[in-house]
Amino acid sequence: MTAQPTDEVLLDMHRRMVRIRNFEQEAGKLAEDGKIPGALHLYVGQEAVAAGVMTHLSDQDWITSTHRGHGHLIAKGGEFGPMFAELFGRATGYCKGKGGSMHISNMDLGMLGANGIVGAGPPIAVGAAFSCKTQGEGHVAATFFGDGASNEGSFHEAANMASLYKLPMLFVCENNGYGEYTPQANHQAIVDVADRAPGYGMPGVVVDGMDAVAVYEAAGEALRRARAGEGPTLLECKTYRFFDHVGVRGMGLSYRTDEELAEWQKRDPITLFEARLAELEILDADSAQAVHDEVLAGVRAGIEFAEASPLPDPSVLLDDVYA
Amino acid sequence: MTPRPIGILANPASGKDIRRLVARASVFDNQEKRAIVTRCLAGIAALGQPEIVYFDDSHGIARGGLEAAAVQGTPVARTNTGRADDTTRAAAEMRAADCGAVITLGGDGTNRAFAKGWLDAPLLPLSTGTNNVFPRIVEGTLAGMAAAAVASGRVGLADVSRRAKVIHVTVDGQDDDIALIDAAATNDRFVGARALLDCERLVLAVLATATPTAVGLTSVGGLLLPVAGSEDFAAVVRFELPGRPALHRVRAPIAPGMFQDVGVATASHVAFGDRITLEGPGVLAFDGERERTLAAGQRATMEVRRDGPHVIDVERILRSGAALGVVHAVQNEELRDAV
């Protein structure tokens, strides 16, 4: 059974969440100012999911991400400089400026890529999990996807194969209640995506995705099962994105209400976590602020690094193209 | 007697927590809960068609069940948050609607949340949870009949029910919470994934019911010092820290398919009205789920009383088929002679 997190782990999860929050807020400002090309799908509000899962993973464990992928890479150990450089399309980016926000990846960190295609990650993770099983070194693959992606055939095929081959894999559904701009009730007849797990012969669990410790406990147990050869798990984290589907304010569509947003913001995963850490005398308010300040300074240094970096030379256009 | 409405409440969150990973519990999917609601309505219809009041849960379970049965109902607690508070609010609204019987679908935690909103409710709890002591497995069709028998006045509630025991919990002198089966203190620091699974962290448990015929904390007392739901006392178990000599070691089924060796320092009966006090820091768990943290120095007091829901006994009702109006004596003499 996964033990409750130590002080060290708690502080680590806090830092991961703060890194995501500050990166995304600054990226959002840059996007709104038109300084970053293309669409950014920001992860603010969902930080507890990435932090709670990624704390259990090493660089040798694989993840696949989504169009909302910055948080996953940051929680997996991504550095601000090459991340911003990638968003700016610079040669120093993680993908040499050719991937951008929705295709950012880093093999050294075990990050197989964000993905602009909804539901494209799970089959890739099945392949990674298959290689983990074949190599037999106890590594795992985790795939992040949303409630909308759980309607795609690719999710169902991946769930079927992962369970059939008892792969060391974790399906992490970040159910934020909306498939892009479509409320969940308008795109699927179920509310708990975890209900789909028994149909594929794997356990499905629902946890509070705004509570990093809840995610940590459930993910820890699911990954223990995976590493022990007991097969995959579908972990559904109920969460909410505080920003729009794209950017911060988005297109101003009326698909959700201000009241609903305000209700979820009362359960801000970082605010609640910091309050509990203060109660436990693990991290007081001043120390928490110091973490934010230090991280924000790092974020700004990352932006400066990106802005000072060169654009890719046109001569490398076809480099790294495999097909 | 004027027939009273029947309440229906299904908890969409029951049967989905971490015990599907740590233990061997099953996923209880919401489509099945919806089907149970529909079958309850068939049972209710067999005894007439009273007014239905239903909790309009976030997953549309009860609403979907009514639609499938082509039954109209009155929704309560329509604006819901997807959390346990919804159940408590729905209970209060069902009380205001003067429901004569309420069918709940969930586990111990669901019924606890319901009782917080309506402590002396006429309750028929169906098990769709994980560790279930309070609700039992009963076919929905029969539960519907039994609920209709009570709500219509065909049988008297007092004749076919028993008040449940309740563990009342106060923190720093303020009424704080209740539990129906067990209230425990652990040395955890977080509520986290909620389910109470690590017995090495247990400090103390008050057991209103301690039965060896159910899984969960109740089984620890049940194997050591059983207390039936009908008995007018409870049990208190103080646990021993890991590695220290214990008075008893109990190999207890703490969750479905999962045993743990539990070290017990003391176990004794506790009378109604006796108060058990403990001090934080720690976490308080009610009916198998970690619910709230207790800060250092905060004092929690637990006291057991029999002032909980009137739990309807389905079998006792259905044994009197004639009284329900579903069994009629045949008056035709020729036919009677032929038989």
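Tutor: Two residues are in contact if their C-beta atoms, placed from the backbone, lie within 7 Å. The model is predicted.

Student: Leaving aside neighbours within four places in sequence, which residues is Val215(A) in contact with?

Tutor: Val215(A) is among the residues with the most contacts inside the largest nonpolar core. Neighbours within four places in sequence are left aside here. The contacts of Val215(A) are then Ala48(A), Val49(A), Gly52(A), Val53(A), Val207(A), Gly209(A) and Cys237(A).

Student: How do the residues of the side of chain B that touches chain A divide?

Tutor: The contact takes 25 residues from chain A and 21 residues from chain B. On the chain B side, helix H1 (residues 19–22) gives the most, with 3 residues. The division of this side is 10 nonpolar, 4 polar and 7 charged.

Student: Within chain B, which element gives the largest share of the side of domain 1 that touches domain 2?

Tutor: Chain B is assigned domain 1 (6–164 + 308–324) and domain 2 (166–305). Contacts link 21 residues of domain 1 of chain B with 24 residues of domain 2 of chain B. On the domain 1 side, H1 and helix H5 (108–117) of chain B are the elements that give two or more residues. The largest share, 6 residues, comes from H5(B).

Methods: Residues numbered from 1 in each chain as written. Chains lettered and ligands numbered in written order. Predicted model: local features only at pLDDT ≥ 70, side-chain atom pairs only at ≥ 80, totals over all residues. Helix = DSSP H or I, 4+ residues; strand = E, 2+ residues; numbered from the N terminus. Nonpolar A, V, L, I, M, F, W, Y, C, P; charged D, E, K, R; others polar. Core = buried A, V, L, I, M, F, W, Y, C linked by C-beta atoms within 7 Å. Buried ≥ 20, exposed ≤ 12 C-beta atoms within 10 Å, placed from the backbone. Domains from an automatic or database assignment.
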